[in-house]
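Subject: Structure handover

Hello,

Here is the structure I promised you. Please open it first, then read my notes below.

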Amino acid sequence: MAYSKELLHSLEEKGKILRRDCIRCIGVGVAGHVGGSCSSADLVAALYFYKMKYDPKNPEWDGRDYFLLSKGHVAILQYAALAEAGFFPVSDLPRCKEIGFYLQGHPHLGTPGIEAGTGSLGQGLSLGSGMAIGLKLDRKPNRVYVLVGDGEMDEGQIWEAAMSSGAKKLDNLCAIIDNNGLQAQGRTADRLDQGDISAKWRAFGWNVIEIDGHNMEQILTALDEAEKFKGKPTAIIAHTIKGKGISFAENQVGYHNRALTQEEYDKALEELS
Ligand SMILES: Cc1ncc(C[n+]2csc(CCOP(=O)(O)OP(=O)(O)O)c2C)c(N)n1
């Protein structure tokens with residue numbers, strides 16, 4: 001499908017806005033997940049502002065699609081998307097992680113638009129798989145999207161969920177793998193070499209699409225193809241850059257979860273403006 005330049009540009013801008021919101025959320029002097037938020041920002045922008053159906057005034061709307069942030073440590077990115085979509089005020093974002101506040105360090109039920117508590121890595125795809133089975137049993141057209149980290153794929157539970165979702169032909173389920181090549185303390189390939197991940201997902205019975213996770217046209221094409229594809233769940237392997245959009249954080253493992261100095265904070269916002 002051909003997408004208009006205006007659409008692609010507005011979604012690329014959304015990606016930048018989400019990154020800026022994340023930086024404001026993190027603030028100065030307190031650790032926050034800069035790297036993994038920025039690598040996933042374009043994917044999340046496309047989901048919330050192009051692909052998914054939802055109603056911010058009625059988060060429990062029966063017709064909604066489901067999004068699960070399996071890499072729950074980048075909760076700020078989902079909060080940014082939900083706020084920009086109108087679920088709650090953008091001005092609440094900097095209060096994230098305040099004790100007792102509805103925006104906590106990891107997603108939890110009770111925050112408008114959050115479908116499940118995540119953050120203990122490895123669990124989101126199992127949750128999404130169960131939701132997809134439930135929707136099929138109810139003969140509903142809603143779709144389920146799960147964002148998984150490449151480091152997170154070291155968790156065995158991901159592969160249990162991949163195997164059962166493939167076997168059950170859950171074509172209403174789409175896993176998006178943020179393949180930024182880094183995890184908390186090093187390169188994913190050095191910690192545990194996962195080999196050819198496309199071949200692995202395919203072997204588990206999935207339709208696999210590989211894209212540049214910062215190319216909006218490729219992202220939209222993949223999401224549309226995934227929706228059309230019948231008989232198998234789809235895994236979108238998105239090749240991304242950790243820290244994308246912030247020069248000093250790009251591809252730097254040190255910015256996985258880092259407290260920014262005032263200078264870094266200002267520079268990040270300037271670069272994303
Ligand atoms: C079960 C579990 N073990 C450890 C952690 C701590 N942890 C948080 S993020 C992270 C690295 C995740 O890497 P990746 O999935 O590649 O995330 P990204 O690089 O996209 O931020 C780890 C080990 C956790 N949240 N859950």
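Start with K97. It has 18 C-beta neighbours inside 10 Å, so it counts as partly exposed. The scale works like this: a residue is buried if 20 or more other C-beta atoms lie within 10 Å of its own, exposed if 12 or fewer, and partly exposed in between, with C-beta atoms placed from the backbone.

Two notes on the model before we go on. This is a predicted model: local features need pLDDT of at least 70, side-chain atom pairs count only at pLDDT 80 or more, and totals for chains, interfaces and linings use all residues. Residues are numbered from 1 along each chain as its sequence is written.

Back to K97. Its phi is positive, about 80°, although K97 is not a glycine. Most residues other than glycine have a negative phi. K97 is in the loop between α3 (75–85) and α4. Helices (H or I, at least four residues) and strands (E, at least two) are DSSP runs, numbered from the N terminus.

N251 also has a positive phi without being a glycine; the value is near 60°. N251 is in the loop between β6 and β7 (258–259). It has 15 other C-beta atoms within 10 Å, so N251 is partly exposed.

Now compare I158, in helix α5 (residues 156–167). Is I158 buried or exposed? It counts as buried, because it has 23 C-beta neighbours inside 10 Å. I158 and K97 are 61 residues apart along the chain, and their C-alpha atoms are separated by 27 Å.

Next, helix α4 (residues 124–137). Its 14 residues should span 20 Å at 1.5 Å a residue, and its end C-alpha atoms are 20 Å apart, which agrees. The expected span is 1.5 Å times one less than the number of residues. Which residues of α4 are buried? They are G124, L125, G128, S129, M131 and A132. Seen down the axis, these buried residues fall within an arc of 165°, so they line one face of α4. The arc is that of the directions from the helix axis to the C-beta atoms.

Strand β6 (residues 234–239) is mostly covered, with five of its six residues buried. β6 runs parallel to β4 (residues 173–179), and six bridges join them. Two strands pair if DSSP finds at least two bridges between them. The partner of C174 in β6 is T234. β5 (residues 207–212) also pairs with β6 in the parallel sense, over six bridges. Here N207 stands opposite T234, and V208 has A235 as its bridge partner.

β5, helix α8 (residues 216–228) and β6 make a right-handed β-α-β unit. Right-handed means that, with the strands pointing away from the viewer, the path from the first strand over the helix to the second runs clockwise.

Last, the ligand. Of the 20 residues around it, G36, G149, G151, E152 and Q183 come nearest. A residue is near if its C-beta atom, placed from the backbone, lies within 6 Å. Helix α2 (residues 34–51) gives the largest share of the shell, three residues.

Best wishes
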